[in-house]
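Hello,

Here is the structure I promised to pass on.

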Amino acid sequence: CPLHGGNSTNSFAIFREDGKEKWICYTHDCGSGDVVDFVKAWQNMSFKEAVKFLGGDVMSDPFEMERLAKERHERALQEKTIAHQKEEARRKELQEEQKHLFYHQNMNDYFRELWLKRGLDESWQGFFCLGGCEDFVINDGWHTPTLTIPIRNEKYEVLNIKHRLLNPQSPKDKYRPEKSGLGAFPYYLPFPDMGYGGEVIWILEGEIKSAVTATITPDSAWNYIGVPGMSQYKGLADKLFGKNVIVVSDPGAESESSKFCKSVNGRFVELPMKIDDLIVEHKYDGDWLRSLEKQARRI
């Protein structure tokens with residue numbers, strides 16, 4: 001998405017509706033609309049400024065211009081309400097289908113072994129309701145097996161299911177949701193009932209990293225939150241400011257994660273490898289994680 005600067009190739013779309021070209025951002029709170037709405041968001045402009053930016057004629061009558069702007073605003077609010085209603089209906093449909101249970105209960109040994117290699121044995125696979133899909137179709141015809149991760153809120157309600165593509169069409173195109181149109185992909189909570197609290201709150205990039213790290217927790221009051229991507233960090237700032245937060249950076253992602261760490265006045269950890277790879281390769285346990293917590297520093 002050119003508005004929030006994300007690196008996901010699935011976050012932004014341009015499409016035709018009612019004879020007009022429109023756009024939408026799926027993974028962040030950038031909104032949607034037509035070309036004027038895009039310029040308003042992109043350049044932080046008013047309706048009139050956006051029309052002029054695009055080379056359009058601006059009416060000399062300021063009252064008429066204001067009426068048109070108000071009309072567009074009201075129409076946008078109506079469309080947002082309708083879109084929200086559709087989103088809620090699709091999410092209810094997802095929850096009634098219980099596809100996350102189907103993927104978990106019907107996965108074969110191939111998927112179980114893949115989860116095991118990633119550091120999640122069968123008991124944890126059951127606790128997190130992880131699964132596998134033998135044939136997931138994307139891009140109107142590309143077939144791939146996937147690992148499935150249900151994203152749940154504090155009430156354990158499934159908000160969506162994330163598919164980790166095992167045979168992606170593009171190396172950068174690794175994840176897809178079970179259902180599109182359900183808003184920004186929410187944060188992954190391995191222990192949903194803890195929400196965004198905890199005596200120590202670990203922030204890690206990715207669902208699998210947070211799940212693997214949670215399995216070796218040395219303290220039941222510690223919490224772990226998986227962030228879907230670097231562009232999603234800032235949505236957590238208000239939830240976490242003033243809490244005991246530790247941000248673990250992926251190698252090469254230190255800049256974005258350190259900025260977020262500063263924004264919540266947290267502590268920072270840099271590692272030579274991704275944290276889940278370290279845990280699996282060295283068979284680290286809770287004592288290692290406790291020592292890592294002591295090494296975390298302010299930046």
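Predicted model: local features only at pLDDT ≥ 70, side-chain atom pairs only at ≥ 80, totals over all residues.

Ring pairs first. The count comes to 17 aromatic pairs. Take Phe 102 and Tyr 103. Their ring centres are 6.0 Å apart, with the planes at 65°. Planes over 60 degrees apart count as edge-to-face, so this pair of Phe 102 and Tyr 103 is edge-to-face. Phe 102 has a relative accessible area of 47%, so it is partly exposed. Tyr 103 has 5% relative accessibility and counts as buried.

Now Tyr 233 and Phe 260. This aromatic pair is stacked. The centres lie 5.1 Å apart, and the angle between the planes is 25°. The pair links distant parts of the chain, 27 residues apart. Tyr 233 is in the loop between strand S9 (222–227) and helix H8 (237–240). Phe 260 belongs to helix H9 (residues 254–263). Tyr 233 is buried, at a relative accessible area of 3%. Phe 260 is buried too, at 4% relative accessibility.

Next, the cluster. Ring pairs join Trp 124, Phe 127, Phe 128, Phe 191, Trp 202, Trp 222 and Tyr 224.

Last, the charges. Which residue lies over the face of Tyr 175, at 4.7 Å from the ring centre? That is Lys 162. Arg 164 also has its charged end over the ring of Tyr 175, 5.6 Å from the centre.

Best wishes

Methods: Residues numbered from 1 in each chain as written. Heavy atoms only, no water. Phe/Tyr/Trp six-rings, centres within 6.5 Å; stacked < 30°, edge-to-face > 60°. Buried < 20%, exposed > 50% of the residue type's maximum accessible area, 1.4 Å probe, protein only. Helix = DSSP H or I, 4+ residues; strand = E, 2+ residues; numbered from the N terminus. Lys NZ or Arg CZ within 6 Å of the ring centre and 35° of its normal.
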